[in-house]
Amino acid sequence: AWTTGNIVDEQVAAIREQVGTKRAICALSGGVDSAVAAAIVQKAIGPQLTCVFVDHGLLRKGEAEQVEKDFVAATGVQLKVVDAEERFLSALAGVSDPEEKRKIIGREFIRIFEQAEREIVAESADAGEPVRFLVQGTLYPDVVESGGGSGTANIKSHHNVGGLPEDLQFELIEPLRKLFKDEVRQVGRELGLPEAIVGRQPFPGPGLGIRIVGEVTKERLDLLREADAIAREELTAAGLDTEIWQCPVVLLADVRSVGVQGDGRTYGHPIVLRPVSSEDAMTADWSRLPYEVLARISTRITNEVADVNRVVLDVTSKPPGTIEWE
Ligand code: XMP
């Protein structure tokens with residue numbers, strides 16, 4: 001019988017053998033898979049690994065700090081951070097179509113990653129030799145799914161840090177290929193990664209960019225970040241994190257409704273809560289959250305987030321609704 005402990009040992013030995021004295025690169029997303037994959041490779045080859053974190057400005061509150069501070073502190077990994085918020089926002093300016101947003105975000109991500117790779121090569125002692133290995137957080141279900149052709153991939157053009165450069169010539173290192181998600185979390189905990197990363201619920205590669213229905217702007221992102229942070233805080237406080245699969249919080253930026261606050265009329269945006277229960281995200285049901293928790297989230301969001309005067313609950317299963325709104 002294998003344990004998560006000897007899976008790590010086995011992978012560390014295999015990676016050392018595979019990489020030799022060459023260099024490897026890994027794109028961190030802030031999510032659990034890329035973080036655990038990077039931590040295993042770091043354990044195997046230490047300074048031969050460089051992680052790249054592209055901050056596209058579409059992350060949730062606190063997520064960039066979790067990677068830049070807590071993950072680095074826990075692993076000692078060499079990290080190259082690219083602050084690309086402005087670049088992503090200008091590429092997304094004026095765009096409302098969900099598929100177009102996804103394509104733009106995926107394209108910009110690859111360009112920035114390629115540029116980062118060139119810089120890493122140029123800065124290294126043995127300058128000139130390209131990075132040979134790319135670390136990916138591919139899980140066992142991904143391996144199985146890509147063999148059989150996945151349904152969701154045809155419905156939305158998924159972007160994740162795994163969907164990287166086809167024209168870049170890398171050999172892959174995939175230390176999580178035999179693991180399921182809960183096992184990846186277990187390995188991450190054993191490697192001492194922060195709980196905020198290890199316990200994180202699924203979050204899409206295009207981030208909050210596909211949780212704003214309408215054009216993506218800095219102001220809208222900031223507003224959504226506040227609402228999302230409140231929802232997450234209350235769900236955690238109520239002990240519901242392990243009960244729900246994930247809870248997208250969506251801003252209907254192109255919709256306004258009339259409200260009243262104090263003596264005045266308001267005309268603000270709705271926030272949608274989309275808590276779902278699921279085994280694998282292929283199908284899902286809406287989570288029957290306790291009314292008191294929903295009430296607290298609603299009261300806090302409408303009180304604390306300017307320009308939001310209504311909170312609505314999505315009670316659609318998947319199918320027919322997808323988990324994300326875009
Ligand atoms: P949907 O909306 O298709 O989502 O029901 C299924 C699961 O996939 C996540 N998701 C993504 N993950 N890149 C990702 O890495 C993406 O582009 C992406 N789009 C959706 C979603 O959060 C849910 O867990």
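What share of the contacts between residues at least 6 apart in sequence joins residues at least 24 apart? I looked it up for the chain: 79%, where contact means C-beta atoms, placed from the backbone, within 7 Å.

**Ground rules.** I'm working on a predicted model, where local features need pLDDT of at least 70, side-chain atom pairs count only at pLDDT 80 or more, and totals for chains, interfaces and linings use all residues. My residue numbers run from 1 along each chain as its sequence is written.

**Overall.** I get 11 helices and 12 strands for the chain, taken as DSSP runs numbered from the N terminus (helices H or I, at least four residues; strands E, at least two). The radius of gyration is 20 Å, close to the 20 Å from the globule rule for 326 residues, so the chain is as compact as a globular protein of that length. That radius is over C-alpha atoms, and the rule is 2.2 Å times the number of residues to the power 0.38. Along the principal axes, the C-alpha atoms fill a box of roughly 70 × 45 × 40 Å. I find 37% of the 326 residues buried (20 or more other C-beta atoms within 10 Å of a residue's own; exposed is 12 or fewer, partly exposed in between; C-beta atoms placed from the backbone).

Leaving out residues up to four places away in sequence, Ala38 touches Cys26, Leu28, Cys51, Val77 and Val135.

**Helix 8.** Which residues of helix 8 (residues 181–190) are buried? I noted Val184, Arg185, Val187 and Gly188. They cover an arc of only 160° around the axis, which puts them on the same side of helix 8; the arc is that of the directions from the axis to the C-beta atoms. They pack against helix 1 (4–19), helix 2 and helix 9 (195–198). Gly192, with a positive phi near 80°, follows helix 8.

**Strand 8.** Of the five residues of strand 8 (residues 257–261), zero are buried, so strand 8 lies largely in the open. Strand 8 pairs antiparallel with strand 9 (residues 264–273) over five bridges (pairing needs at least two DSSP bridges). I see Gly259 opposite Thr266 in strand 9. The two strands make a hairpin with two residues between them, and Gly262 in the turn has a positive phi of about 60°.

Key:
Two residues are in contact if their C-beta atoms, placed from the backbone, lie within 7 Å.
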